Amino acid sequence: MKEECGVAGIILPGDRPKSNAVAFKLYYALYALQHRGQESTGIMVHNGTNPLSIKGMGLVPDVYNKDSLGRLIGNAGVGHVRYSTTGGSKIENCQPFILNFKGGTVAIAHNGNLVNARELKDELENEGRIFISDSDTEVIGHLLVKELIKHEPIESIRNVMRKLVGSYSLVIFINGVIYAVRDPFGFKPLCFGEVDGGYGVFSESVAIDTLNGTLVRDVKPGEVIVFTGSGFESHQLTNEPHPAHCVFEFIYFARPDSVIDGKLVYAVRERIGKELAREHPVDADIVSPVPDSGITSAIGYARESGTMYLEGLMKNRYIGRTFILPGQDLRETAVRLKMNAIKDNVKDKRVVLVDDSIVRGTTSRRIIDMVRKSGASEVHARVGSPAIIAPCYLGIDMATRQELIASYKTIKEVEGLISADSLGYLSIDGLMRALECDKNDMCIGCLTGEYPVEIPGEKCRKKQTRLDDFSKAERSSQAVSSDSL
């Protein structure tokens, strides 16, 4: 699996002299969110007259420098780090998307994936709209501009949300104001905090910590928050009875030090390890993680089982992409380059190897073979997620059903294919205990094959938000200002 995307938006008080402070703060925030996307990045800051932007392919420190950031003057801006789920890897798809129209300037940073993007794009193209990318974010941009010509921003955003099916956490700049938008089910994380006398909106709270800010709260599913330089105002546009937060944010994607939907990710992952130890105990000498995402769960497993925690694998954290290497021999070298066994720690030992997930099984097999060749007497695989049996349509670049090993193999068959002495997946109930929530409040489509929204050819576990849900929510919920929160 590949990471998703990270979004950021910052607005500082308008009575301050315009400076490059927003640009540099966005830079550091995106650096903190780099784990969410390493393909491309962009920053837009508005100087009150024109949008000023930098975009590029690659990592945050490679795209920006002190001089280029220093030229981005303005009190409000939007940033993005990207890994593609819809749209190819090319500069045209780099975000934020900036659209100038007769009413001003719009810039959009998007984390998520629209299920009906193709249908919406076809409708817009039939109206004569021209697209420069193949990203679903540009579809949102065109829909929004079309509405802004006729309506004020909140009404425009509501009308756009009525048309979107899928996942979206958005940070939008419209004429000097920042808007935070989360889809009705809250698939993707989004939070905001106080930053240097103003406000910042980010995919994860670690960005607020990096800027020495203060986390206020998460953006609620179906909520739009309007940020000006002096305060913020909340509009609850939908009221779904159950959210559908992505479980893989807690299992894999988010940084352990992030707080997402009121839960510290580190604590959830430690509880995942404890639940895994209760469900799948084994006599062993050491518990070792597959770094990095398996570390916290391995600590939990070791504490619950009373087995020594000892690293048997070391990750090289300075590796770029290696999947482009041709030939099986070079691919095997790439695995060893990314990760190496600590032979003295595993030799003649019964090892419990804790990983976050198994997708195709090929990487798991190579890692287990590596540990065996380093002298381990037994290798027991323990997985901090239930078996992945179905693809994700809502923002994770996941394999097809044919490539998902658990979709057509029994646990015993997977155990043999990855060369483990035993294999234990965390159960869905165990995962929910670790999350301390009801499974109806999480998106677990990849684990069950039933999705929270309607996807052609797939089962839907609950109804899609209806258009009239927006008007009901608006009638029952007035705008709430920062003074009353």
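Mentor: Residues are numbered from 1 along each chain as its sequence is written, and side-chain values use heavy atoms, with hydrogens and water left out. As the model is predicted, local features need pLDDT of at least 70 and side-chain atom pairs count only at pLDDT 80 or more, while totals for chains, interfaces and linings use all residues.

Trainee: How many helices and strands does the chain have?

Mentor: There are 17 helices and 27 strands. Both are DSSP runs numbered from the N terminus: helices are H or I with at least four residues, strands are E with at least two.

Trainee: What makes the chain as compact as a globular protein of its length?

Mentor: The radius of gyration, taken over C-alpha atoms, is set against the globule rule, 2.2 Å times the number of residues to the power 0.38. For 485 residues the rule gives 23 Å and the chain has 23 Å, so the chain is as compact as a globular protein of that length. Along its principal axes the C-alpha trace spans about 70 × 50 × 45 Å.

Trainee: Why is Ile 140 called buried?

Mentor: Buried means under 20% relative accessible area, exposed over 50%, and partly exposed in between, with a 1.4 Å probe and protein chains only. Ile 140 has 2% relative accessibility, so Ile 140 counts as buried. Across the chain, buried residues make up 57% of the 485 residues.

Trainee: Where is Ile 140 found, and which residues does Ile 140 touch?

Mentor: Ile 140 is found in helix H5, residues 136–148. Contact means heavy atoms within 4.5 Å. Leaving out residues up to four places away in sequence, Ile 140 touches Ile 108, His 110, Leu 114, Val 160, Leu 164 and Leu 170. From Ile 140 to Leu 164 is 24 residues in sequence and 8.3 Å in space, C-alpha to C-alpha.

Trainee: How do you know that Cys 5 is in no disulfide?

Mentor: A disulfide is a pair of cysteine sulfur atoms within 2.5 Å. The nearest cysteine sulfur to that of Cys 5 belongs to Cys 94 and is 10 Å away, so Cys 5 is in no disulfide. Cys 460 is in none either, as the nearest cysteine sulfur, that of Cys 443, is 10 Å away. A search of the whole structure finds 0 disulfides.
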